[in-house]
Every structure is written in C-alpha cells, then in structure tokens.
Amino acid sequence: MEKPAICGGTPVRTSKLSYGKQYIDDNDINAVVEVLKSDYVTCGPMVAKLEQKICEVTGAKYAVAVSNGTAALHLACMAIGIQEGDEVITTPITFAASANCALYCGAKPVFADINPDTYNISPASIEEHITPATKAVVAVDFTGQAVELDEIRAICRKHNLTLIEDAAHSIGTKYNGQPVGSIADMTTFSFHPVKTVTGGEGGAITTNDEALYQKLLRLRAHGVTRNLDDMVNKNDSPWYYEQVELGYNYRITDFQCALVASQLEKLPAFSKRRSEIVARYNEAFADIPEIIVQKEIPASDTTRHLYIIQLELSRLNCTRRDFFDALCAENVYPQVHYLPVYYHSYYEKLGYQKGLCPVAERLYERILSIPLYYKLSDEDVDDVIHAIKKLITYYKK
Ligand SMILES: *Cc1c(COP(=O)(O)O)cnc(C)c1O
C-alpha cells in the first residue's frame with residue numbers, strides 16, 4: 001500500500017492543483033486592450049455587444065449585463081417587486097448570494113431541501129414550503145446541472161410564482177435541448193473567475209419578458225429614465241433625465257464585457273473539455289463504493305462547473321476533514337461547496353436553525369469538490385484520481 005503524504009509518504013505531485021482556475025488567452029487579452037485604447041471604458045458599445053452575444057448563447061430575447069452575479073440576483077428580485085413580508089424559496093446548498101438577494105429586498109429566504117442524488121433543489125420540497133407570502137423561487141443549477149425545470153415551472157405556474165434560475169454554474173448547459181437562460185422567467189449568470197466564463201467580475205440577467213427587461217435596465221442605472229413616457233415630470237429638454245425609482249449602479253465596464261464576450265467564443269471548447277474530465281472521473285470512481293458521485297439527469301446536457309465526490313464515511317476510517325487534509329498533502333487542493341446557507345452565523349442570528357433541510361445537511365458533511373477546469377491536463381486528472389484512490393485504499397475499513 002502507498003503511504004499517504006500526510007503520513008510521511010511522497011505526494012502524488014509536486015505542484016499544487018486547485019479546484020478551479022480561469023483560462024485567459026491572447027485573444028481575450030487583445031479584446032480587453034482594444035477597449036482600453038478606445039473612447040469608452042464604460043457605458044460604451046461593448047455592453048450591448050456582450051448582451052447580444054449572451055442572447056445568442058442562451059436563446060433569450062433580452063440580456064442585461066451587470067457588475068456581478070449577486071447584483072444580477074438582486075435586480076431580478078427587485079424587478080418583480082419583492083419586498084418586506086414576501087418569501088423567496090431557494091436551496092441551502094448554494095453560495096449565500098442566492099438567498100441574500102431576498103434579504104436585500106427585505107424579504108425572507110425560505111430553504112427547501114435538495115434531492116439526495118442530484119443535489120439540486122427538490123420540486124416536492126419547494127411545493128411543501130409555499131405559503132401565501134411566497135413570491136418567487138430562486139432555483140440554482142448546482143455544479144452546472146439544470147434543475148428539474150419542467151416540474152419547477154409547473155409548480156410556479158400553479159402558485160403564481162416567478163421562477164428565477166441562478167445559473168452562476170450553468171452557462172452552456174441545455175435542458176431538454178434548450179439552453180439555460182431562455183427557460184425561466186429570469187436567469188442570472190456570474191462571470192467570477194472560478195465560473196466557466198469570466199470577466200474578472202461580471203454578471204447578467206436574461207429574460208424573454210420585455211417589461212422585465214426595461215425594468216432591469218433602469219434599476220441597473222440608479223432608476224433613471226430618459227424616456228418621456230416613463231417620466232413623472234414630462235420634460236423633453238435634451239439634458240434632462242429623471243430618477244423615478246431607487247436603483248443602483250450595477251453597471252459593468254466595457255473592458256469586462258470585452259473579456260466575457262471573448263470568453264464566450266470559447267464556451268463550446270470549455271464545455272467539451274469539462275465533460276471529458278467529468279467522464280474520466282466518473283469512470284475512475286465507478287467501482288469505488290467509498291465514493292458516491294452526483295447523479296446526472298438525462299434532461300440536462302450539462303456544462304459542469306464543479307465535480308463533487310461524496311465520501312461514504314461509514315466505509316472509511318477517517319473524517320471528511322481528515323480526507324481533505326490528506327488530499328491537500330498530496331498537492332491536490334479541494335474545496336467544499338457549500339456550507340448550507342443557514343449555517344452562516346448571520347443567518348443563525350436571523351433565527352434559522354440546524355435541522356431545516358436534513359438531506360442538505362447530511363450531504364454537506366460528506367462532500368469535497370475536486371479540480372475541474374479547462375486547462376487541467378490528462379496527467380493532472382490522473383494525479384487527482386491517483387491521490388484519491390491512494391487515500392481510499394489507506395482509509396477504507
Ligand atoms: C458565484 C455565485 C453567485 C454570485 O456571483 P458573483 O458574480 O460572485 O456575485 C451566485 N450564485 C451562485 C450559485 C454562485 O456560485
């Protein structure tokens with residue numbers, strides 16, 4: 001048996017691998033430089049160009065590019081008038097922003113439990129948590145796999161709720177052949193560097209609804225309008241603009257838009273490589289009973305953002321923490337996605353208690369995200385597999 005590095009053995013590799021990493025090539029850099037040399041570094045033509053490109057990729061009618069994915073979620077909630085007294089249902093297995101967007105509007109996030117196999121929000125649990133105060137569902141395509149959109153859309157229609165799809169993980173994913181971004185009432189994206197496509201920071205909202213689109217445009221820029229029809233004090237002076245509601249400055253710069261647009265050209269290549277890596281991992285872990293992999297639903301043609309292994313701890317003589325530390329010692333640096341949102345002390349102070357979503361809580365105790373990104377070579381992937389197999393052999397009962 002090979003000795004784990006944490007017990008004094010030799011690490012499987014000498015250089016560190018992280019769970020995610022952006023890929024930026026010379027075309028991306030040139031696209032940014034071109035904008036920096038132009039007349040507009042913000043509020044210029046690249047914003048609309050990126051929005052057009054996002055519409056092409058997602059099949060949505062409208063796209064609004066914003067400063068980040070959190071701003072996208074906030075504006076989506078604002079656009080439908082979420083306010084104090086309202087409830088918004090989401091999953092606990094997500095980045096906190098998926099729930100914070102409700103708090104920003106004074107509303108209450110309500111956590112529905114997940115499906116134990118796909119790790120996505122469970123449609124049945126959504127339905128159980130609907131009350132007369134429920135206004136929207138924020139459904140997260142966790143790891144890039146689409147949520148069960150048909151079921152969730154039917155529930156939303158039945159109860160007159162808005163479906164906001166948090167697609168921070170899932171750009172490039174298709175659901176029953178239709179790209180994510182054109183299916184929910186609004187879909188939000190993030191272009192943070194760990195996501196599949198990056199702008200440094202950046203985000204977007206897509207929708208097929210023209211009224212929501214106009215509202216989102218206005219909220220992105222302070223709630224200001226230059227359109228006479230929308231003004232209270234009708235004034236057609238050339239300098240005049242009017243703030244008609246409280247919006248934000250959630251604009252994105254033109255050079256970030258150039259980077260995202262250039263990255264989107266590579267999305268098919270990104271998706272393909274990520275799928276290849278997922279297939280290699282799936283194959284390697286298929287007959288290891290100590291490792292459970294995420295179930296894939298046939299409806300989702302997934303561009304995978306994260307690869308998660310679930311440790312079958314009852315078969316192992318170690319804790320998740322032991323396994324995490326041992327993997328780091330092999331120079332393979334995992335992460336955990338995610339701490340259930342309501343475990344954060346801020347949410348505890350709001351009165352959320354452990355026990356709300358038992359399936360999510362159990363999953364959280366057992367998961368690790370292992371390296372998955374475009375530039376990972378086959379040798380890197382083999383090293384990750386080697387390290388995991390070595391530790392499983394060492395720790396298994
Ligand atoms: C990254 C992420 C966000 C927030 O995006 P930012 O661009 O970092 O603000 C929201 N939801 C999920 C699921 C995310 O992973």
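By class, how many nonpolar, polar and charged residues does the shell around the ligand have?

Modeller: The model is predicted, and what follows should be read as a description of that model. The shell around the ligand has six nonpolar, eight polar and two charged residues. In total, 16 residues surround the ligand, and the closest are Gly-69, Thr-70, Asp-166, Ser-190 and Lys-195. Two helices, α3 and α4, each supply at least two residues of this shell. The largest share comes from α3, with three residues.

The side chain of Thr-70 has an N or O atom 2.5 Å from an oxygen atom of the ligand. For Ser-190, an N or O atom of the side chain is 2.7 Å from a ligand oxygen. The side chain of Asp-166 instead faces a nitrogen atom of the ligand, with an N or O atom at 2.7 Å from it. As for cover, the ligand on its own has 380 Å² of accessible area, and the protein covers 93% of this.

The space that the ligand takes is the second largest pocket. This pocket has a volume of about 330 Å³. Its lining is made of 22 residues, of which Phe-95, Ser-190, His-192, Lys-195 and Tyr-338 are the closest to the centre. Ser-190 and Lys-195 are therefore on two lists, being among the residues closest to the ligand and among those closest to the centre of the pocket. The helices found in the shell return in the lining, where α3 (69-79) and α4 (97-104) each supply at least two residues. Here too α3 gives the largest share, three residues. By class, the lining of this pocket has eight nonpolar, eleven polar and three charged residues.

Two of these lining residues lead further. Tyr-338 lies in the loop between α10 (320-329) and α11 (345-349). The peptide bond that joins His-337 to Tyr-338 is cis, with omega about 0°. Lys-195 also lines the largest cavity, together with Lys-21, Gln-22, Tyr-23, Thr-196, Phe-270, Arg-274, Tyr-373 and Tyr-374. That cavity has a volume of about 40 Å³, and one cavity of 30 Å³ or more is found in a search of the whole structure.

Two or more lining residues come from each of α2 (45-58), α7 (210-220) and β10 (224-225). The most come from α7, which gives six. The classes in this lining are ten nonpolar, five polar and seven charged. The loop between α7 and β10 holds His-222, a residue other than glycine whose phi is positive, near 70°.

Notes
Residues are numbered from 1 along each chain as its sequence is written. This is a predicted model: local features need pLDDT of at least 70, side-chain atom pairs count only at pLDDT 80 or more; totals for chains, interfaces and linings use all residues. Side-chain values use heavy atoms; hydrogens and water are left out. Helices (H or I, at least four residues) and strands (E, at least two) are DSSP runs, numbered from the N terminus. Ala, Val, Leu, Ile, Met, Phe, Trp, Tyr, Cys and Pro count as nonpolar, Asp, Glu, Lys and Arg as charged, and the others, Gly among them, as polar. On a 1 Å grid over the protein atoms alone, a cavity is a set of points where a 1.4 Å probe fits but cannot get out, and a pocket is an open set with protein on both sides within 12 Å along at least five of seven lines; lining residues have an atom within 4 Å of a point. Grid points are joined across faces, edges and corners, and a volume is the space filled by probe spheres set on the points. A residue is near a molecule or strand if one of its heavy atoms lies within 4 Å of it. A polar contact is a pair of N or O atoms within 3.5 Å; within protein, one must be able to donate a hydrogen and the other to accept it, and residues adjacent in sequence count only if both atoms are side-chain atoms. Accessible areas come from the Shrake-Rupley method with a 1.4 Å probe; for residues, only the protein chains shown count as cover. A molecule sits in a cavity or pocket if more than half of its atoms lie within 2 Å of its grid points.
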